[in-house]
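Please look through the sequence and the model below. The questions that follow go through a few of its features one at a time.

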Amino acid sequence: QLQASGGGLVQAGGSLRLSCAASGRTFSNYAMGWFRQAPGKEREFVAAISWSGGNTSYTASVKGRFTISRHNAKNMVYLQMNSLNSEDTAVYYCVASHTRYWIGARCVRDWGQGTQVTVSS
């Protein structure tokens, strides 16, 4: 089970930190990630992190602004979002894979409920 939190309303240029609490299977053995879905758009990949935290990947539009991290002892995954803009407005979903390293959306096994992020200009 994945429980995301930390969304909200923020002004453009501001920051938010999303959290994802994992429970159930041993998520520390698997890559985790974040997707988002903006109104009227398809769900898209945002960021992912390997089981140990040693490897990360980001979609181009968030590189340099977002940072994904994890704390395996706490079964937590985070997404620090800085320099937010209106195009970041979306529902953000935490996901867990069935692989140690992120190999794309096909490795996603679990989806959490979304948390809304709204960036006002």
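Q: How far apart are the sulfur atoms of C20 and C94, which form a disulfide?
A: A disulfide is a covalent bond between the sulfur atoms of two cysteines. Here a disulfide is counted when a pair of cysteine sulfur atoms lies within 2.5 Å. In this predicted model, local features need pLDDT of at least 70 and side-chain atom pairs count only at pLDDT 80 or more, while totals for chains, interfaces and linings use all residues. The sulfur atoms of C20 and C94 are apart by 2.1 Å.

Q: How many residues apart in sequence are the parts that C20 and C94 tie together?
A: Residues are numbered from 1 along each chain as its sequence is written, and side-chain values use heavy atoms, with hydrogens and water left out. Strands are DSSP runs of E with at least two residues, numbered from the N terminus. C20 lies in strand 3 (residues 16-22) and C94 in strand 9 (residues 90-97), so the parts they tie together are apart in sequence by 74 residues.

Q: Is C107 buried or exposed?
A: C107 is in no disulfide, and the nearest cysteine sulfur, that of C94, is 13 Å away. Buried means under 20% relative accessible area, exposed over 50%, and partly exposed in between, with a 1.4 Å probe and protein chains only. The relative accessible area of C107 is 0%, so C107 is buried.

Q: Which residues is T99 in contact with, leaving aside its neighbours within four places in sequence?
A: T99 is found in the loop between strand 9 and strand 10 (108-120). At 17% relative accessibility, T99 counts as buried. Contact means heavy atoms within 4.5 Å. With neighbours within four places in sequence left aside, the contacts of T99 are N29, Y30, A31 and C107.

Q: Which strands stand at the edges of the sheet?
A: Two strands pair if DSSP finds at least two bridges between them. The open sheet has four strands in the order 1-3-8-7, with antiparallel pairing. Each edge strand has a single partner strand, so one side of each is left without a neighbour in the sheet. The edge strands are strand 1 (2-5) and strand 7 (66-71).
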